[in-house]
Amino acid sequence: MFNKMFDIITFGSATQDIRLKSNAFKVFKNEKDFSTGEGLCLALGSKINVEEIDFTSGGGGTNVAATFAKQGFKTAFCGAVGDDVSGVQIIKELKNLKVDTNFVVVKKEKHTNHSIIVFNEGDDRTILAYRGAAELLCENDIPWNKLKTKWIYLAPMTGLLCDITEKIVNFAKDLPAGKAGNNIRVALNPSKQQLSLPENVLKNILSKVDILFLNQEEASFLTKISYENEIEIFKEIDELCPGVAVMTKGGKGVVASDGKYFYSAPGSGSMQVKIVDTTGAGDSFASGFLSEYIRTNGDIEKSIQLGLANGLANLTQIGAKTGILDKNSKFERIPVTKQECTENNLCIEK
């Protein structure tokens, strides 16, 4: 069972999400003691009624695996959970989705990752994150000789898992002495911790990535350029990454570059859509994009369209996996603008 060939293996976190909503959570504005200028407050020592509670699974590694499996790809997840009820439930759910779990490691040192997502009467949320077993996955936990796959997807990683990002990318791309290379393609959606790796390590990683997914803040952090200056950001990213670069802009849409053409499309902000839950929206976009990219042998316009549709479907339901599309789902294809890159216009030629 370990020798099967996969279409894609995902790496990243596995999380139990608990969503709480209560009108008793009060927002205090213009508070200097809070980094965002606003605080969510409760009466100390009291018992607070919660009007809504939902239990769903999350974590970048399992979120994208769910989409790939529902899109018909042979998918495996490589990650760690705790030796607890949440870990058992996450593995059970992955199996029900037809995601192979033979690469999942159970850690006794920490519990499964948990996120407590707190809402008040509005749409803003606060997330209490327990970073547990997922961060303990290390190089020795990965059965390298059994990773038979066409693609590897690296979701945002922290802890020990972040430290082996370069090892995973090198495994996919390097040619061992006297042996044939693994010839595995790589998609990367890095965390801020991964983007903060030593400069030489990060440059090596990015130089071997086939598709790079970033949001506006991450793209700005990587390039040290304001996210409002998209042209300069993509010029810089195209120098670092020879593959396709994709930058999401929340409700404002997405832009992408393959070094020859610059693609853009509007997001959910341009549509009449009731957004229920934004948890996992970035994962659903990226996994939808990559699913269509693999299926169409690199059609970026169609990849953007499925990515946006999958992200939008996810936004309309509670949970990071609940609303995602399967391979037979019908959806509206949002128009994508395609422009040729030039030295003085959009991005540089590769």
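**View 1. Ser287 sits in helix H9 (residues 281-295) of this predicted model.** Ser287 has 0% relative accessibility, so the residue counts as buried, the cut-off being under 20%. Its side chain makes a polar contact with the side chain of Thr67 at 3.2 Å. The side chain of Ser287 also reaches the backbone oxygen of Ser284, at 3.3 Å. With neighbours within four places in sequence left aside, Ser287 is in contact with Val64, Thr67, Phe68 and Asn310.

**View 2. Gly72 lies in the loop between helix H1 (60-70) and strand S6 (75-82).** Gly72 has a relative accessible area of 44% and is therefore partly exposed, a class that falls between the limits of 20% and 50%. Gly72 and Asp326 are 254 residues apart in sequence, yet their C-alpha atoms are 7.6 Å apart in space.

**View 3. Four strands form an open sheet with mixed pairing, in the order S5-S2-S9-S10.** Strand S5 (52-58) and strand S10 (125-130) stand at the edges; each has a single partner strand, so one side of each has no neighbour in the sheet. On average, neighbouring strands of this sheet are turned by 20° against each other, direction ignored. Strands of a sheet pair through backbone hydrogen bonds, in either a parallel or an antiparallel way.

**View 4. Strand S2 (residues 15-21) pairs with S5 in the antiparallel sense.** Seven bridges join S2 and S5. Lys21 has Glu52 in S5 as its bridge partner.

**View 5. Helix H2 (residues 85-96) lies across S2, S5 and strand S9 (113-119).** Helix H2 runs at about 105° to S2.

Note on methods. Residues are numbered from 1 along each chain as its sequence is written. This is a predicted model: local features need pLDDT of at least 70, side-chain atom pairs count only at pLDDT 80 or more; totals for chains, interfaces and linings use all residues. Side-chain values use heavy atoms; hydrogens and water are left out. Helices (H or I, at least four residues) and strands (E, at least two) are DSSP runs, numbered from the N terminus. Buried means under 20% relative accessible area, exposed over 50%, partly exposed in between (1.4 Å probe, protein chains only). Two strands pair if DSSP finds at least two bridges between them. Axes are lines fitted to C-alpha atoms, for helices over the stretch in contact, and angles run from 0 to 180 degrees between N-to-C directions. Contact means heavy atoms within 4.5 Å. A polar contact is a pair of N or O atoms within 3.5 Å; within protein, one must be able to donate a hydrogen and the other to accept it, and residues adjacent in sequence count only if both atoms are side-chain atoms.
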